[in-house]
Amino acid sequence: MNLLTVENISKAFGERVLFENLSFGINKDQKIALIAKNGTGKTSILNILSGADSPDKGKVNFRKGIRTSFLEQEPQLSGNLTIEETIFASDNEVLKVISAYERALENPEDQDAYQTAFEAMERFGAWDFETQYKQILSKLKLDDLKVKVNLLSGGQKKRLALANALINRPDLLILDEPTNHLDLEMIEWLEAYFAKENMTLFMVTHDRYFLERVCNEIIELDNGTLYPYKGNYSYYLEKKEARVEQEATEHHKSQQLYKKELEWMRRQPKARTTKSKSRIDDFNTIKETAGKRRKEHQVQLEINMERMGSKIVELHKLVKAYPEKPILDKFDYNFIKGERIGVIGKNGTGKSTFLNILTGTDTADSGKVVIGDTIKFGYYTQKGIHIKEGQKVIEVIREFGDYIPLMKGRQISAQQLLERFLFDRKKQYDYVDKLSGGERKRLYLCTVLIQNPNFLILDEPTNDLDVVTLNVLESFLMDFPGCLLVVSHDRYFMDKIVDHLFVFRGNGIVEDFPGNYSDFRAYEDSQVAEMRAEKASASTQKAPKAQWKTEQRSPKLSYNEQKEYKRLEKDIQKLEREKETIQQRFTDGSLSGEAIASLSKELKQLTDSIDAKTERWFELSALMEE
């Protein structure tokens, strides 16, 4: 079933054309990712689909009656509302029912309002929905529902907007970098959520493992043309490589044909026949095709950075803590030449604080940081770069350096470095205020690299960078001969770049894990499985040896018993609420004797039913624990 059709849309800002005549469709249950370089219009396409912007030409047709939700990179939320009020401000009908029920609970004296709200909860099946949305908020670490939005960090606001989008259960969910500001645990939960839920998705994301595990179709916008790939990220890489090879072959043929036709043109007499005029027109087309070339090129860099001495960086018994929040507890480590370390951990465990202490922008409570005389840090922070008004791209980078020295006396100039990071010569003379958010991050990265550091520290370098730029960055870092320390939630990036990990567990605990992120996840999963096996083994050993022989009934619940167990939990909760409602009605002094007798009879029946179901629930619970 088609939900949305895009027909020949175009968008330009002044003389800068982002895209022209793009067409595609979105069908129910598709999970589509849009891949393109920064600055080619990805966010503009999302804004057009969500209705936040309109195309200069073309149109977007929605199926009648479908609901859409849009997660922006910078969500616009009302600062005066609490988290809970923000959730309930949605136009979702079930949420309005839950909100009315919550208000009724706060005013128990209004029995009519409570009864109406209770019946609405039953009618809309809102009990399960309430459980689900509170679980989503919990998974995204938004537990205090009464806190005001204006007190939240930027990351918390993004997570609240994501929670809002998920809770609304739209027919079409449009996502702009959904994994930004999520820690690794949250990202893995979100992957599992999308795998389980039948949701139609259209997203822009740089997280390639997320693309691999969530998306079933990829659309690439490359040099103004859309290329669809009916598969996940691995399939896209395979088919794109084949497409680029085919284009290279065709380009080579075009160049050969162009040379042949050029010779004919030069031999042409001044008087031309109709046939020759047609060939001239064809020649112009061939010339245009032959002149096209892909701007992607990889250059292996043998960087001639400043020599590292025997002493790199030494950390001696570092201690750092905030009120009731220890970050480091007597942490020791000596870096060695060429180390490539990833830093992982949940949000708030102190990863960025650790980098700031290392580079001297923050201080430890006690302990020492000893830095070798030859060490030159390059520090890419989450804050980005401050741009002066009226600056051009090339002017920004030249403030930090003109070239990077290479081996054998060669060098790579600022212009060449910018070209490598996808700023062509024309783009280098654009004003910085024209750049997209991702392009600014790319420029900031270049200002760090042009300084030729021998100890590179990157704090979430993959945020807002497109997949194409990430491949370029990874290629650069694979050539980088110095020390590398990276904080990132991009698992694909970490797997490719780092050799071992600092795992921030919280409460001042930092573990040194010998492997990349996938190795770490495999280890963690094996530890969980081992603990479960040990628990199961201990439980078995507690029981008398002869018990399994004499026990006529299997202690494990059958499928039907499991369903009965879950149903009993819901039934008991529902009956308890009904019982509470009847007990509240007894407080009404105007009740007649007949009404009181009727309520008493109803209350007894409810109590007996609760007792019976509770007894059965305990019976099943006991079997589960055996």
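In the predicted model, Asn 164 is buried, because its relative accessible area of 13% falls under the 20% limit for that class. Asn 164 is found in helix α6. When neighbours within four places in sequence are left aside, the residues in contact with Asn 164 are Thr 86, Ile 87 and Ser 90.

Helix α6 also takes part in a helix pair. Two packed helices are described by the angle between their axes and the distance between the axes. For α6 and helix α7, which spans residues 184-196, the angle is about 15 degrees and the axes are 13 Å apart. The two helices are therefore roughly parallel, because angles under 35 degrees are placed in that class. The crossing of α6 and α7 is left-handed. On the α6 side, the contact is made by Arg 159, Leu 162 and Leu 166. On the α7 side, Met 186, Trp 189, Leu 190, Tyr 193 and Phe 194 contribute. By class, the residues of this contact comprise seven nonpolar, no polar and one charged.

The loop between α6 (154-167) and β6 (172-176) contains Arg 169. Most residues other than glycine have a negative phi. Phi of Arg 169, however, is positive, near 45 degrees. Arg 169 has a relative accessible area of 32% and is therefore partly exposed, since that class lies between the limits of 20% and 50%. A positive phi also occurs at Asn 507, where the value is near 55 degrees. Asn 507 lies in the loop that runs between β19 (500-506) and β20 (509-513). With a relative accessibility of 64%, Asn 507 is classed as exposed, because the value is over 50%.

Side chains of opposite charge can pair when their charged atoms come close. In this model, the count of salt bridges comes to 30. One of them joins the side chains of Glu 191 and Arg 213, with an N to O distance of 3.6 Å. Glu 191 is buried at 7% relative accessibility, whereas Arg 213 is partly exposed at 45%.

A second salt bridge is formed by the side chains of Lys 388 and Glu 399, at 3.2 Å from N to O. This pair links distant parts of the chain, 11 residues apart. Lys 388 lies in the loop between β14 (377-380) and α12 (393-398), while Glu 399 lies in the loop between α12 and β15 (403-405). Glu 399 is partly exposed, with a relative accessible area of 46%.

A further salt bridge connects Glu 419 with Arg 425, and the closest N and O atoms of this pair are 3.1 Å apart. Glu 419 is partly exposed, with a relative accessible area of 25%. Arg 425 is likewise partly exposed, at 40% relative accessibility. Salt bridges that share partners also form a network, which joins Glu 191, Asp 207, Arg 213 and Arg 491.

Methods. Residues are numbered from 1 along each chain as its sequence is written. This is a predicted model: local features need pLDDT of at least 70, side-chain atom pairs count only at pLDDT 80 or more; totals for chains, interfaces and linings use all residues. Side-chain values use heavy atoms; hydrogens and water are left out. Helices (H or I, at least four residues) and strands (E, at least two) are DSSP runs, numbered from the N terminus. Buried means under 20% relative accessible area, exposed over 50%, partly exposed in between (1.4 Å probe, protein chains only). Contact means heavy atoms within 4.5 Å. Axes are lines fitted to C-alpha atoms, for helices over the stretch in contact, and angles run from 0 to 180 degrees between N-to-C directions. Angles under 35 degrees count as roughly parallel, over 145 as roughly antiparallel, 65 to 115 as roughly perpendicular and the rest as oblique. A crossing is left-handed if the near helix is turned anticlockwise from the far one by less than a right angle, and right-handed if clockwise. Ala, Val, Leu, Ile, Met, Phe, Trp, Tyr, Cys and Pro count as nonpolar, Asp, Glu, Lys and Arg as charged, and the others, Gly among them, as polar. A salt bridge is a side-chain nitrogen of Lys or Arg within 4 Å of a carboxyl oxygen of Asp or Glu.
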